[in-house]
Amino acid sequence: MDSERTGVAVTAVRSTHAVFRALSCDAVLLAHLRAPLGRGRVESTYHRVLNLLLPDGRLMALAGRDAGDAPWTLVVDTPHWSAYDIEAGQPVEFTPGRIALPGIEIDVDPAEEWHTILPALGDLTPQHLGVAARSLYALTRAHGEFGGMLGASRNAWPMESVVCAALDEGRAALTRAVLARDPAGIRDGVLALLGLGPGLTPAGDDFLTGIAVLSALDGTRLGPFATVLGDVLDERSGRTTLLSATTLREALAGRVRASLADVLCAIPATRRQDTAQAADALKNPVRRALAHGHTSGTDTLSGLVTGLHLEKELRGQQL
Amino acid sequence: MSTTAVVKKNTYFDSVSLMAISTKANGLDGVAQAFVAMGTEMNKGVLGNLGLLTPELEAAGTGDLMIVAETTDGTDTDAVLAAIEELLVRKAPAGGESAVTYRTIAAAAQDRPDANLAVIAVNGTFAGREARKALENGLNVMLFSDNVPVGEEVALKQLAHDKGLLMMGPDCGTAIINNVGLCFANAVRPGSVGIVAASGTGSQEVSVRVHALGAGISQLIGTGGRDLSEEVGGIMMIDGIRALAADPATSVIVLISKPPAAAVEKKVLAEIATAGKPVVVWFVGGSEEAVVAAGGHFATGSEDAAVQAVRLGTELEAVAGELDTARIDAVVAKLGAEQRYVRGLFCGGTLTDEAMYALLEDTSDVWSNIQKNPDRKLSADSPSTGHTFLDFGDDEFTNGRPHPMIDPSLRLARLVEEARDPEVAVIVMDFILGFGAHEDPVGVTLPAIAEARQIAADAGRHLEIVGYVLGTDRDAPVLADQIAALEAAGVTVTASSTETGQYARAIARKVTNA
Amino acid sequence: MSTTNSLFSSDLNVVNVGLAMFEDDIAAQGAEVTTLDWTPPAGGKPEVLAALDALGDLEVAQKIEAANAEAVERIANSQPMLVGFGRALDVVPGMTPTTILHSGPPITWDRMNGPMQGAVTGALVFEGLAKDLDEAAALAASGEITFSPCHEHDAVGSMAGVTSASMYMHIVRNETHGNYAYTNLSEQMAKILRMGANDGSVVERLVWMRDVLGPMLKEAMEIGGPIDLRLMLAQALHMGDECHNRNNAGTLLLQQALAPSLLQTSFTTEQKKQVFDFIASSDYFSGPTWMATAKAALDAAHGIENSTVVTTMARNGVEFGIRVSGLAGNQWFTGPAGTVVGPMFAGYKPEDSGRDIGDSAITETYGFGGFTMSAAPAIVALVGGTVQEAMAYTREMGEITTSQNPNVTIPALDFQGIPTGIDVRKVLDTGILPIINTAIAHKDAGIGMIGAGVVNPPVEAFEKAAAALAEVIG
């Protein structure tokens with residue numbers, strides 16, 4: 001506004017500054033943020049999440065208080081970021097215990113450390129794995145979103161049908177290869193899925209994340225899959241988005257967002273239950289996990305279902 | 001068939017609304033199908049297999065969002081692109097049928113679990129009842145209606161207090177909640193200044209001034225005009241202060257009201273100590289002592305309140321405007337000896353007050369329909385006398401008709417009438433823009449302004465008309481256009497409610513002494 | 001203030017009441033907003049508002065909620081079974097040889113409309129109490145005949161509802177709560193006693209029904225055993241009936257259930273063929289059956305202290321009356337019977353219509369009929385309107401009812417249960433009146449059915465009930 005007309009002289013020293021308190025933080029990230037890092041930039045912005053590129057090229061998330069804990073995520077006491085006009089590409093200063101963006105500053109120090117807590121798979125019988133897989137599948141199908149790994153939604157347009165068919169083929173190829181212990185086949189299966197599908201995190205990546213986190217648990221038989229996926233991510237990093245690649249690498253290291261970890265942790269307690277009882281016990285964590293993204297939650301849980309089936313089959317083969 | 005594509009670098013949208021876009025885009029005229037996905041090799045491969053990979057899509061990186069629409073031949077692809085862009089900025093729909101309407105608050109609240117606030121503008125006989133239903137269904141309330149018995153108001157506010165809900169009103173015309181202006185409000189920048197106000201136009205003015213200073217509003221909670229009365233006891237203002245004190249997005253709190261009942265003032269000011277944030281208090285015509293003693297920052301007027309809030313709550317440097325004395329001298333020189341009085345014709349109650357109190361600094365001879373001094377009280381149908389300030393938004397004028405912010409007819413007639421009075425030196429008017437207000441308040445007044453000036457000119461007088469436009473550059477109509485139209489009509493335009501009062505006072509002082 | 005601060009951290013979602021102009025402003029700023037289709041509650045009448053407010057008092061409302069929950073629970077869990085047929089004199093409580101039952105709230109001979117007087121005189125001739133219609137009219141006016149509402153005798157009657165001692169009745173037992181409900185047999189054709197027709201052919205048919213149809217049905221039930229009517233009602237709704245004006249599927253289902261037993265009865269083949277032909281002559285055959293089904297369930301919910309649920313809606317051609325659960329016994333609240341609006345048979349005009357008549361609104365009181373038009377899109381041709389309107393009717397009735405009956409569902413609405421338990425308070429709060437599908441009888445005696453359509457009860461009945469409830473509960 002024209003200052004002569006308003007009769008008011010305005011001198012902006014610098015733009016309004018809001019300071020936010022961090023609530024919780026991935027312990028690995030927290031260790032990074034307490035060291036001097038330098039200048040990074042805003043990678044992308046969403047209503048509840050800002051993705052920031054650290055000076056070393058890694059990706060971290062500044063999440064609003066309802067977004068939930070996850071690897072490389074700092075949860076901050078704000079409902080959302082929409083009010084602060086943050087744009088991709090803007091500089092971010094990382095000083096020990098502090099992150100400064102244009103107009104806002106995050107006080108990292110109050111953050112509680114968050115660790116992914118995951119169960120071991122070794123104690124689970126093949127039968128229990130089967131029950132867990134079936135009940136998870138029933139819940140995912142009942143409450144999940146179509147359009148990704150669950151198949152095309154009703155009256156889908158040709159493009160969605162084509163993508164869903166490709167996702168289905170990728171899953172089939174990967175499953176066959178894992179059961180055949182065929183590394184070259186596993187590689188083809190991973191490549192058939194990586195970066196494929198609609199939405200901000202491609203559905204194929206979410207699916208692989210579900211298997212990847214199982215492959216990181218103690219007692220897993222999915223080691224060969226983990227090795228191949230890790231190699232593919234190293235060699236072909238451009239196949240998918242930075243966010244997806246980061247999520248997959250973390251899952252291989254046994255680190256996933258809290259809502260997904262909660263589903264895994266609920267599984268051991270369903271021992272000796274039938275499918276219906278297990279579905280009842282898993283219902284609440286599953287519904288929270290499904291609420292992630294549009295089809296993302298559904299696709300990740302679809303990966304868990306496939307992973308659990310594979311674990312069960314691989315155990316059976318060894319017995 | 002042809003392919004239309006948009007590539008968005010680093011997107012701004014949540015995945016849920018993105019997927020809604022692909023559904024919506026499928027429903028656009030001429031769009032056969034649409035697809036929203038990241039620009040990965042695999043996704044581009046799928047598009048390639050379908051023969052839809054344009055060079056632009058080919059060039060999309062893995063981090064870019066692709067929106068692809070296949071359109072039927074002869075479709076205006078620019079229009080489709082524009083429509084998709086529009087979908088991108090629009091919020092995702094809640095889903096389900098769109099045309100469902102409800103008869104009762106209970107039915108709406110039950111069916112829409114995310115509903116969190118009811119705006120109630122029904123006849124006062126039913127208003128309290130509807131407000132109660134809203135509160136019982138867990139909704140915060142903005143009660144626009146007036147004529148709600150005070151006993152009912154107290155009961156509603158007590159219920160809201162017990163439930164931890166906002167009960168704004170009755171007779172609450174202005175609020176801004178989560179950056180959404182409700183009823184009469186202006187489009188202002190989001191920011192960190194929080195306002196709790198018993199005065200509608202007063203809070204509109206402060207919010208507009210805060211915006212003009214480059215800062216913004218976190219929440220504007222209207223309490224209703226009677227909240228600080230003895231009977232109601234400031235329930236809503238106290239709850240409002242506490243809510244803003246607990247709100248991390250609010251850095252400074254501004255309280256606006258006419259001077260409260262003494263006991264209530266004490267209770268309200270006692271909240272300042274525990275707010276943990278600076279509190280600016282503008283009690284129109286109130287005294288500084290109590291405010292300062294309570295640890296508050298006393299504001300002398302609307303502009304002062306805004307300036308202090310911006311200084312205390314943001315890192316902006318804010319300075320109040322200064323009165324242009326040369327301009328005043330030039331005007332006074334044009335006036336005849338007989339022309340001695342100021343006549344204020346206002347829509348906004350607090351704007352009337354602020355201008356009237358400015359004159360009252362110098363003389364007690366100020367008449368008004370909202371005068372507290374019974375000796376100087378003027379009824380709506382009496383002719384003006386001496387300095388007169390009329391609030392056309394007062395119940396006495398509105399009785400049965402819409403607020404003058406919507407229906408200006410009474411004020412237009414009065415403007416012409418005042419122009420005939422040879423003792424009138426200046427006519428002061430306000431023009432209020434924003435949500436809920438008349439779509440062109442200046443335009444609708446221009447013919448009456450021309451007529452008034454003609455009447456004076458025919459009688460050989462200069463009639464000074466001063467106009468203040470309350471609004472922002474984000475309002476519709478745009479502030480600058482309204483100001484330009486007034487200036488083109490020979491109206492002197494002031495920059496704030498405070499300046500309007502000072503301007504009127506300065507002229508009054510000169511013509512009375514002349 | 002935790003709730004307020006959660007408001008600040010949520011997206012604003014507004015319910016707008018009163019001024020539509022605020023909706024555009026709010027929507028333009030990106031917030032969700034829905035504007036109510038608001039009218040002053042209780043039509044703005046102060047005394048009715050006072051009654052509603054008394055019933056809305058927090059403590060009172062809690063008592064009412066609990067009572068209403070019990071009422072709808074009793075309606076929904078009722079399992080009415082068809083257990084037999086029998087003569088009214090033998091089965092209906094309080095029936096005597098000189099008693100005539102009629103539909104709707106109580107009414108005296110001189111106030112009855114044309115169709116009901118026609119039916120009464122026809123019935124008196126049929127019973128042999130008068131030798132012709134003139135003598136019958138004199139007898140009716142003499143005070144020797146006891147007139148009483150069907151509803152006050154555990155019974156319901158279609159249209160004029162005229163029921164005399166030797167007519168055969170459905171016997172329906174509520175397995176859950178043990179009470180019984182009765183209703184007459186369908187006379188099928190258009191020119192029938194319940195529509196006010198009363199010439200020789202009408203009486204002749206009644207005689208056949210008494211001597212052949214009734215006894216044969218009675219014997220068949222003794223052979224075949226009870227029939228679960230709630231289950232059959234639910235099936236009929238799934239097959240496209242609303243079971244008030246459209247009974248195509250319900251009649252087939254009932255006939256299917258009865259046929260084997262009918263064949264085994266001791267009657268002649270000729271008589272059996274007559275019965276099958278009679279059933280086949282009109283889809284309405286099962287109409288009364290569903291009325292008795294509803295009556296059995298609703299009587300089980302009548303007389304629950306503090307309940308504002310409507311247990312009866314019935315019309316006598318002059319007045320529309322309702323009864324409410326919390327006002328036990330035979331307390332009727334009435335207003336003038338309305339005019340039915342809808343398509344008419346060729347040759348008749350709206351001014352020929354008699355006013356709304358019959359106990360069949362018991363079906364809407366239970367939650368089907370007009371409330372369930374969404375289950376019966378084919379009905380819209382009969383009552384006028386569009387399929388979309390039919391869907392909207394059910395949604396709207398949801399706003400004035402207490403809950404849904406999970407045992408009787410509507411496929412087209414994702415198997416939503418039918419709207420159950422009309423709440424007097426909600427009717428007045430919303431200004432939405434129950435919607436009733438019904439037939440139109442000619443206003444003069446002796447002619448019969450001339451069309452079908454929809455009608456609403458008079459709001460006065462609900463206003464009076466609210467005042468009485470406020471006095472008892474509030």
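Tutor: A polar contact is a pair of N or O atoms within 3.5 Å; within protein, one must be able to donate a hydrogen and the other to accept it, and residues adjacent in sequence count only if both atoms are side-chain atoms. This is a predicted model, in which local features need pLDDT of at least 70 and side-chain atom pairs count only at pLDDT 80 or more, while totals for chains, interfaces and linings use all residues; side-chain values use heavy atoms, without hydrogens and water. Residues are numbered from 1 along each chain as its sequence is written, and chains are lettered from A and ligands numbered from 1 in the order in which they are written.

Student: How many residue pairs are in polar contact between chain B and chain C?

Tutor: Between chain B and chain C, 19 residue pairs are in polar contact, both residues being at pLDDT 80 or more. On the side of chain B that touches chain C, at least two residues each come from α5 (105-111), β4 (117-120), α6 (124-136), β8 (180-183), β10 (217-222) and α9 (235-245) of chain B. Helices (H or I, at least four residues) and strands (E, at least two) are DSSP runs numbered from the N terminus. With five residues, α6(B) gives the largest share of that side.

Student: What is the area buried between chain B and chain C?

Tutor: The size of an interface is often given as the accessible area lost when the parts come together. Buried area is the accessible area (1.4 Å probe) that two parts lose on being put together, summed over both. Here it is about 4,300 Å² between chain B and chain C, with 59% from carbon and sulfur atoms. On the chain B side, B:R103, B:F126 and B:R129 lose the most area to chain C, together 19% of what that side buries. By contact (heavy atoms within 4.5 Å), 52 residues of chain B meet 43 residues of chain C.

Student: Which residue forms a salt bridge with B:D227?

Tutor: The partner is B:K157, with the closest N and O atoms 2.7 Å apart. The pair links distant parts of the chain, 70 residues apart: B:D227 is in the loop between β10 and α9 of chain B, and B:K157 in helix α7 (residues 150-163) of chain B.

Student: Is B:D227 buried or exposed?

Tutor: Buried means under 20% relative accessible area, exposed over 50%, partly exposed in between (1.4 Å probe, protein chains only). B:D227 has 0% relative accessibility, so B:D227 counts as buried. B:K157, at a relative accessible area of 2%, is buried too.

Student: Where do A:E311 and A:R315 lie?

Tutor: Both are in helix α11 (residues 296-318) of chain A, four residues apart, about one turn of the helix.

Student: Which parts does the pair B:R340 and B:E423 tie together?

Tutor: The side chains of B:R340 and B:E423 meet in a salt bridge at 3.5 Å, N to O. B:R340 lies in the loop between α14 (325-334) and β15 (341-346) of chain B and B:E423 in the loop between α17 (409-419) and β18 (424-432) of chain B, so the pair ties together parts 83 residues apart in sequence. B:R340 is partly exposed at 34% relative accessibility, and B:E423 is partly exposed with a relative accessible area of 27%.

Notes:
Salt bridge = Lys/Arg side-chain N within 4 Å of Asp/Glu carboxyl O.
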